[in-house]
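The sequence and the coordinates are shown first.

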2 protein chains.
Amino acid sequence: MKKLLTCIILSLFVFNHLKAQSQPTTVSMNKVKLEFMMDADGRPTYAIYYDQKPVIKPSHLGIKILNDVGMDSNFVVTGTEKTTVDEQWKPVWGEVSNIRNHYNQVTFHLRQQNKAGRLLDIVFRVFEDGVGFRYEFPKQNNLKYFIVSDEVTEFALAGNNKTFWIPGDYDTNEYPYTTSNISEINNQHMVNSSDDIAVRVAPDKYAVQTPLMMKTPEGLYINIHEAALVNYSAMQLHVDTSTYKLTASLVPDALGNKAYIGTPCHTPWRTIIVSNKATDILESKMILNLNDPSKIENTSWIKPMKFVGVWWEMQTGKSTWNYSARADTVGANGLLIPNGTHGGNTANVERYIDFAAKNGIQGVLVEGWNYGWEEWFGNWKEHVFSFVTPYPDFDVDAITKYAKAKGVVMIMHNETSASATDYERQMDTAFRFMNKYGYTSVKTGYVGRIIPRGEHHDGEWMVNHYVRVAEKAAQYHIMLDAHEPVRPTGLQRTYPNWMACEAGRGNEYNAFGHGNMPEHETIMPFTRFMGGPMDYTPGIFKVQDFTILPGKRVHTTLVKQLALYVVLYSPIQMAADLPENYEKYMDAFQFIKDVGVDWDDTKVIAAEPGDYITTARKEKGTENWFIGAVTDENGRDEVVPLDFLNKGTQYVATIYADAPDADWKTNPEAYKITTYIVDAGTKLKLKLAPGGGAAISIKLTTADTKGIKKYK
Amino acid sequence: MKKLLTCIILSLFVFNHLKAQSQPTTVSMNKVKLEFMMDADGRPTYAIYYDQKPVIKPSHLGIKILNDVGMDSNFVVTGTEKTTVDEQWKPVWGEVSNIRNHYNQVTFHLRQQNKAGRLLDIVFRVFEDGVGFRYEFPKQNNLKYFIVSDEVTEFALAGNNKTFWIPGDYDTNEYPYTTSNISEINNQHMVNSSDDIAVRVAPDKYAVQTPLMMKTPEGLYINIHEAALVNYSAMQLHVDTSTYKLTASLVPDALGNKAYIGTPCHTPWRTIIVSNKATDILESKMILNLNDPSKIENTSWIKPMKFVGVWWEMQTGKSTWNYSARADTVGANGLLIPNGTHGGNTANVERYIDFAAKNGIQGVLVEGWNYGWEEWFGNWKEHVFSFVTPYPDFDVDAITKYAKAKGVVMIMHNETSASATDYERQMDTAFRFMNKYGYTSVKTGYVGRIIPRGEHHDGEWMVNHYVRVAEKAAQYHIMLDAHEPVRPTGLQRTYPNWMACEAGRGNEYNAFGHGNMPEHETIMPFTRFMGGPMDYTPGIFKVQDFTILPGKRVHTTLVKQLALYVVLYSPIQMAADLPENYEKYMDAFQFIKDVGVDWDDTKVIAAEPGDYITTARKEKGTENWFIGAVTDENGRDEVVPLDFLNKGTQYVATIYADAPDADWKTNPEAYKITTYIVDAGTKLKLKLAPGGGAAISIKLTTADTKGIKKYK
């Protein structure tokens with residue numbers, strides 16, 4: 001890591017009268033400018049501009065403390081420090097192999113003008129693509145342990161921005177996105193009608209989740225989120241629909257408190273990413289840069305991969321997670337009577353292992369392998385699952401041996417039914433079991449109401465729980481894929497074994513839920529993915545006519561499912577459909593076999609939230625490029641220049657395109673695969689069907705290119 | 001175990017009209033009679049009589065379910081079953097070596113007269129010393145998992161009983177007792193003034209804890225408590241001071257809910273012990289009988305014992321738990337700077353080991369041995385202590401070796417600061433550490449506000465936590481002494497490694513608190529001890545002039561401290577004072593060396609709550625008897641016939657008596673030791689000083705009795 005650190009202590013002085021407080025301090029980088037000032041009441045205030053245009057108008061900052069004087073006013077600045085950092089670092093895995101961390105930092109040291117004289121630092125980092133800031137509470141005699149009752153951070157937007165939002169909810173991020181102006185935000189209907197989400201607790205109708213994506217009337221793209229969420233509850237935003245002011249709203253615990261902390265400490269970073277180009281938002285590394293470096297020293301065991309799994313067949317009704325009809329369906333011998341539809345049985349698992357081995361897919365996930373699924377959901381029960389006890393028809397010894405012989409790794413599944421206390425009790429035992437049987441990854445799940453009861457998925461206690469799981473997993477050299485956790489905030493930099501989260505509306509809602517509309521995947525990268533990878537489970541080829549669930553369907557073409565492997569970044573990617581469905585389209589499946597999961601470089605070629613995204617990525621350690629293009633419900637013609645290829649080099653491009661008559665509604669599974677010689681001068685002309693996409697693999701020309709035409 | 005089981009199915013019929021509901025069913029044993037009937041609204045109703053006198057007037061029964069129809073009315077009886085049980089069983093340790101469990105049981109099968117037709121069984125067990133009853137929810141289609149929002153069990157007392165009560169409080173049982181009539185109960189002043197109790201959460205001013213001891217105007221003794229508290233929150237009693245009706249009031253969780261259960265299930269037993277003799281209340285085994293037999297098969301490793309410990313010296317200010325002044329008192333090397341007053345240091349611990357070894361005391365407890373004590377209290381912090389990291393001056397290897405060489409066992413201390421979630425995370429590691437270093441017992445502590453935040457010490461989640469700790473400890477062959485848990489309900493029968501609890505106002509309040517008045521120990525056996533043993537920490541010889549704490553003192557004579565080893569039953573008993581204080585009175589300390597901790601037999605010779613108790617116990621496996629007599633602030637002359645001794649056998653009795661001029665206030669440490677030959681015909685004349693007592697050891701005559709006079 002190359003680190004250029006310039007530390008300039010600008011001033012360390014005390015204002016003696018409030019008049020001095022009105023002098024703003026300015027810190028810029030390229031087009032991004034931060035202004036900081038104290039208002040007449042001693043309230044810290046900031047504003048952000050992009051290219052002289054206001055992004056955030058003067059907005060107040062501060063923290064409220066339970067049963068104590070608020071840390072939000074009556075302050076004076078006692079000193080200011082400025083620093084510039086320009087460094088490079090290499091993620092263990094990621095969208096690029098090298099990340100530049102370049103910012104101008106300013107720290108304002110504040111002291112409260114009362115007897116306690118409490119100290120608060122506010123630290124801003126100004127990047128070329130936005131601003132991050134956080135509150136830091138120095139060690140001080142008059143403030144040790146305290147309870148945050150509220151955070152009053154404001155984001156006073158400059159206009160009635162177009163916004164891509166989901167309801168603020170303490171327990172879920174799995175709502176579909178609504179596109180509306182700020183003035184029109186009201187989550188009530190969405191919350192009430194989303195009966196496909198198990199637990200919904202929305203604080204009020206003007207609450208929205210972050211990452212919140214916006215576009216100003218002037219065409220600026222703004223994204224508000226947070227980075228490095230630890231020891232604090234998740235930030236939601238409360239919307240004032242008339243003034244366009246957003247205010248931080250923290251997820252409460254059972255008692256309504258927001259965080260329990262003690263000095264010295266700091267909050268997570270509040271992030272505002274801004275650019276006049278939508279593609280810049282997707283390429284921003286600001287959130288990762290605001291996270292701490294890896295706490296795991298030896299990362300050699302952390303390996304991105306693709307996997308298949310016994311899962312979608314349960315989602316679509318071909319089989320079940322549970323082994324028996326009910327927990328009390330027991331025979332005279334006291335044993336559970338099999339229901340005959342249990343998916344996680346040895347023979348079926350071996351079928352998936354065979355498919356994975358045959359097609360070079362590294363991993364096999366099995367859900368419903370362990371006791372507890374008969375009465376697992378909705379009972380708010382403390383102990384539901386054993387994480388070391390397979391169902392009678394899941395022969396863990398035999399499966400372990402079979403997978404090993406076939407060169408496939410098994411992926412563990414630990415659904416906790418949101419009983420986090422019980423999972424913490426069993427975690428060591430569970431991870432030792434994984435070590436014993438050679439499982440190198442675990443998919444966790446938190447479906448239901450949280451235990452400790454009264455806590456929420458996105459509250460401080462659970463925020464720390466997910467980190468504890470990642471840390472404990474790391475001790476056992478296990479990679480983590482957490483479903484239904486708080487949405488990510490870049491912690492994958494600090495815990496690179498935390499490969500992915502769900503924490504968003506995945507492909508599965510096309511099965512059991514009200515579905516994901518074609519625009520969904522053109523919004524997700526601007527929202528949910530801003531914080532980190534998602535286990536979206538793409539790759540559904542049989543997009544309708546599921547075993548059960550009449551009328552349910554995937555709202556894309558088959559080709560768009562391929563494109564998602566590139567557009568939706570994750571170091572673990574599931575090929576989510578059933579082997580028998582892939583076997584009907586093995587030429588299309590070739591793309592999933594080929595596509596990378598770890599990258600040296602990424603270029604977002606075209607993007608507009610809610611409309612389309614086209615992304616090209618260079619596979620790590622190779623010269624292979626993969627392109628994914630997705631569109632919303634409208635078809636789209638697009639030209640993709642391949643100018644990122646090495647000059648003067650010939651490549652073979654395989655283009656997986658929607659058939660000319662393809663349409664997500666009427667003809668979703670129609671596709672056409674063509675192969676061409678391409679080079680850096682090539683401009684690919686893509687035609688995306690309504691709800692469709694395009695997927696392209698580009699490889700260095702091999703010896704045998706005879707018969708392959710040059711693209712023109 | 002001898003088991004005589006007579007099962008008589010009396011009737012299985014359905015009442016067709018409410019008129020039939022008014023026929024009471026009666027079940028009796030000796031003087032105790034239960035009546036059960038359904039009132040006109042289909043509410044189950046019971047009454048209890050003793051010798052024809054009403055103890056509990058007709059009182060309603062039932063459970064309220066959250067967001068559902070209450071299970072408290074609209075019932076009909078669909079069947080009644082009666083059974084008689086008369087069996088004997090042997091506790092692993094206890095006040096007697098053989099316990100008779102003899103009761104008449106009646107089960108009422110109820111069905112609700114509505115569409116759901118829910119089923120509820122109410123089971124009564126009528127003993128010769130009282131009644132236990134519980135609610136049983138059979139497996140049924142229309143009731144699976146549910147949340148108890150309230151229990152409406154009533155105890156309509158027949159009169160304005162004299163009552164020995166402490167405030168109902170969700171988090172503590174450590175209040176001093178108030179003696180008043182029911183009509184005068186009001187806990188407000190006591191709750192407000194008890195600033196010596198760290199966490200106090202009293203639901204309302206008419207709430208009292210159980211065990212609740214009462215005496216009727218007619219002289220009947222009544223005790224209300226519960227047995228086998230698991231999977232449910234603790235029952236408190238709400239007092240109607242005008243009607244004398246008590247109503248069950250369950251401790252809520254963070255959301256106000258009382259219990260999360262699922263059919264088939266049952267509540268704990270509600271117990272009413274009654275007799276016209278106070279001594280019968282103390283000798284009752286009803287609560288133990290209502291608990292399940294031991295779940296631990298091999299109990300050979302469970303061993304009652306006496307112990308000393310590095311503890312009282314911290315309570316009295318000679319030394320400190322913490323090693324450093326503050327958590328941030330660190331030197332240039334980053335290590336804590338010692339404060340010079342740390343009690344748990346190797347040299348000091350070895351001093352206690354020496355004292356224990358020299359005097360045949362089996363165990364040595366050390367508090368403040370592990371990291372975390374600098375900021376342990378009152379911060380509501382999730383992670384405070386490491387349970388495997390000794391302070392730098394506590395050489396665990398050396399101490400382990402030293403203790404082993406001296407034949408002494410070390411007792412572990414795990415103060416959790418009430419962060420139960422964190423303790424559950426560390427428990428396996430902590431117990432493995434104990435196994436490694438040969439610790440066979442652990443004293444746990446729960447000082448502070450509970451985490452999970454919003455839970456209470458006496459709520460369902462914590463109730464189950466304590467059981468989890470006992471179960472986990474048993475897996476590691478570790479005995480448990482839990483401080484600040486819910487008060488016991490006889491679970492020591494089921495988990496015989498759960499030796500004792502604090503859960504009451506111990507001797508320590510004479511140091512840091514407002515003290516325990518002389519009557520305190522004459523009430524405790526009738527209240528706190530009804531559920532099980534308490535680690536009261538008797539044996540303070542230096543009753544005043546502590547290192548710090550001016551004006552604080554123990555409110556007894558020295559001799560009364562000796563008597564407590566017999567009067568207050570526990571299979572683990574601390575000799576709580578400092579070695580240097582014992583060394584001044586080694587002739588008196590001889591009683592502590594001699595006294596048993598496990599018993600073949602117990603005779604309560606005289607007792608009146610609030611006034612006096614005299615108890616004789618026969619040490620297990622020997623012919624030695626020990627007698628303890630305690631009185632309140634009034635002196636007392638008492639005659640104790642030794643008719644329980646073997647007829648025609650001579651014993652040597654050593655009598656530890658208050659000196660003639662002894663008085664807890666003015667001359668507490670004056671005592672006189674005399675030795676006599678006694679036999680079954682002897683009638684000992686004891687003179688107890690105000691706040692005093694007497695302690696007597698009686699052993700079979702040895703060869704050398706020359707010079708010992710016969711008692712007359």
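## Aromatic pairs and their setting

B:F431 is buried, its relative accessible area being 0%. The coordinates discussed throughout belong to a predicted model. B:Y476 is likewise buried, at a relative accessible area of 15%; this follows because the cut-off for a buried residue is under 20%.

Over all chains, the structure holds 78 aromatic pairs. In one of these, the ring centres of B:F431 and B:Y476 lie 5.6 Å apart and the planes meet at 40 degrees, so the pair is tilted. B:F431 belongs to helix α8 (residues 420-437) of chain B, while B:Y476 is in the loop between α9 (460-475) and β27 (479-482) of that chain; the pair therefore ties together parts that are 45 residues apart in sequence.

In chain A, ring pairs link A:W321, A:W373, A:W376, A:F377, A:F385, A:F387 and A:Y423 into a cluster.

Rings in chain B also take part in arrangements with charged side chains. The charged end of B:K33 sits over the ring of B:Y49, at 4.9 Å from the ring centre. For B:R493, the charged end sits over the ring of B:W89, at 3.6 Å from the centre.

## The surroundings of B:R270

B:R270 is located in strand β22 (residues 269-275) of chain B. With a relative accessible area of 0%, B:R270 is buried. Its side chain makes polar contacts with the side chains of two glutamates, listed below.

| Side chain | Partner side chain | Polar contact |
|---|---|---|
| B:R270 | B:E151 | 2.8 Å |
| B:R270 | B:E226 | 2.9 Å |

When residues up to four places away in sequence are not counted, B:R270 touches B:V131, B:G132, B:F133, B:E151, B:F155, B:H225, B:E226, B:Y232, B:M235 and B:L250.

## Strand β2 and B:M29

B:M29 is placed in strand β2 (residues 25-29) of chain B. This methionine is buried, with a relative accessible area of 6%. Leaving aside residues up to four places away in sequence, B:M29 touches B:H102, B:Y103, B:N104, B:V126, B:F127 and B:E128. Between B:M29 and B:W498, which are 469 residues apart along the chain, the C-alpha atoms are separated by 32 Å.

## An enclosed helix in chain A

Helix α10 (residues 558-567) of chain A has ten of its ten residues buried, so the helix is largely enclosed by the rest of the structure. Among the buried residues of α10(A) are A:K560 and A:Q561, together with A:L558, A:V559 and A:Y565.

## Cysteines

How many disulfides does the structure hold over all chains? The number is zero. A:C265 is buried, with a relative accessible area of 15%. B:C265 also counts as buried, at 15% relative accessibility.

## Relation of the two chains

Notes: Residues are numbered from 1 along each chain as its sequence is written. Chains are lettered from A and ligands numbered from 1 in the order in which they are written. This is a predicted model: local features need pLDDT of at least 70, side-chain atom pairs count only at pLDDT 80 or more; totals for chains, interfaces and linings use all residues. Side-chain values use heavy atoms; hydrogens and water are left out. Helices (H or I, at least four residues) and strands (E, at least two) are DSSP runs, numbered from the N terminus. Buried means under 20% relative accessible area, exposed over 50%, partly exposed in between (1.4 Å probe, protein chains only). A polar contact is a pair of N or O atoms within 3.5 Å; within protein, one must be able to donate a hydrogen and the other to accept it, and residues adjacent in sequence count only if both atoms are side-chain atoms. Contact means heavy atoms within 4.5 Å. Rings of Phe, Tyr and Trp (its six-membered ring) pair if their centres lie within 6.5 Å; planes under 30 degrees apart count as stacked, over 60 as edge-to-face and the rest as tilted. A charge sits over a ring if NZ of Lys or CZ of Arg is within 6 Å of the ring centre and within 35 degrees of the ring normal. A disulfide is a pair of cysteine sulfur atoms within 2.5 Å.
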